[in-house]
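Here are a few friendly notes to read alongside the structure.

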Amino acid sequence: MSVRRLTRCAVLTALALALSVCEGLFPLTVLFPLPGLRLGLANLVTVYALCRLSGREALAILAARCFLGNLLGGNLTALAFSLTGGLLALGVMALLLRVRGLSLYGVSMAGAAAHNTGQVLAAMAVLGSGAPLVYLPPLLLCSLVTGAVTGAAAILLVHRVPDFRFS
């Protein structure tokens, strides 16, 4: 990887970390009484990277953000949850970006739903129980709202921020 590509990924990873920390300061539990529910602002960087960079760079940014976010937050046990959700969301969004006629609203909402599904699957694996499935329907309902909000922001971001292709 060239120095320019590495620098670009580092800057976007730092932005994703900053967004993640900022959204942690304003929990959505006031609006939706679901523990751990977040808007998913760091997903904006993932969507941007998928639209403007390569899938490999988006994966590197996502992995670095998940690892560093959990390391800095002091909760490495949550790494399995964020990484599983993030990887599933990245895969779903990468596939859906190839579907003609599907907007970033739809891609982002599907990514939010995939992220929540991945986290519930990780919880099931960690707990060795199907009990976390009870939490999935309300999470999927909330992902329609959070995914639409981040989708709207992603549309603005992708259309108004330059390409950053150096090579």
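1. In this predicted model, helices H5 and H6 are oblique to each other. Their axes cross at roughly 140°, and angles count as roughly antiparallel only over 145 degrees, so this pair falls in the oblique class. H5 covers residues 104-127 and H6 covers residues 136-160, and the two axes come within 6 Å.

2. As for the hand of this pair, H5 and H6 make a right-handed crossing. The residues in the contact of H5 with H6 divide by class into 15 nonpolar and 8 polar, with no charged residues.

3. Stepping back to the whole chain, you will find 6 helices and 0 strands. Read from the N terminus on, the order of elements is α-α-α-α-α-α.

4. What about overall dimensions? The radius of gyration of the chain is 15 Å, which agrees with the value near 15 Å that a compact globule of 167 residues would have. If you want a box for setting up your own work, the C-alpha atoms fill one of roughly 50 × 35 × 25 Å along the principal axes.

5. On burial, 35% of the 167 residues of the chain count as buried. For this figure, buried means under 20% relative accessible area.

6. Finally, a word on contacts along the sequence. Taking the contacts between residues at least 6 apart in sequence, 69% join residues at least 24 apart.

Notes: Residues numbered from 1 in each chain as written. Predicted model: local features only at pLDDT ≥ 70, side-chain atom pairs only at ≥ 80, totals over all residues. Heavy atoms only, no water. Axes fitted to C-alpha atoms, helices over the stretch in contact; angles between N-to-C directions. Helix = DSSP H or I, 4+ residues; strand = E, 2+ residues; numbered from the N terminus. Parallel < 35°, antiparallel > 145°, perpendicular 65-115°, else oblique. Left-handed = near helix turned anticlockwise from the far one by under 90°. Nonpolar A, V, L, I, M, F, W, Y, C, P; charged D, E, K, R; others polar. Rg over C-alpha atoms; globule rule 2.2 N^0.38 Å. Buried < 20%, exposed > 50% of the residue type's maximum accessible area, 1.4 Å probe, protein only. Contact = heavy atoms within 4.5 Å.
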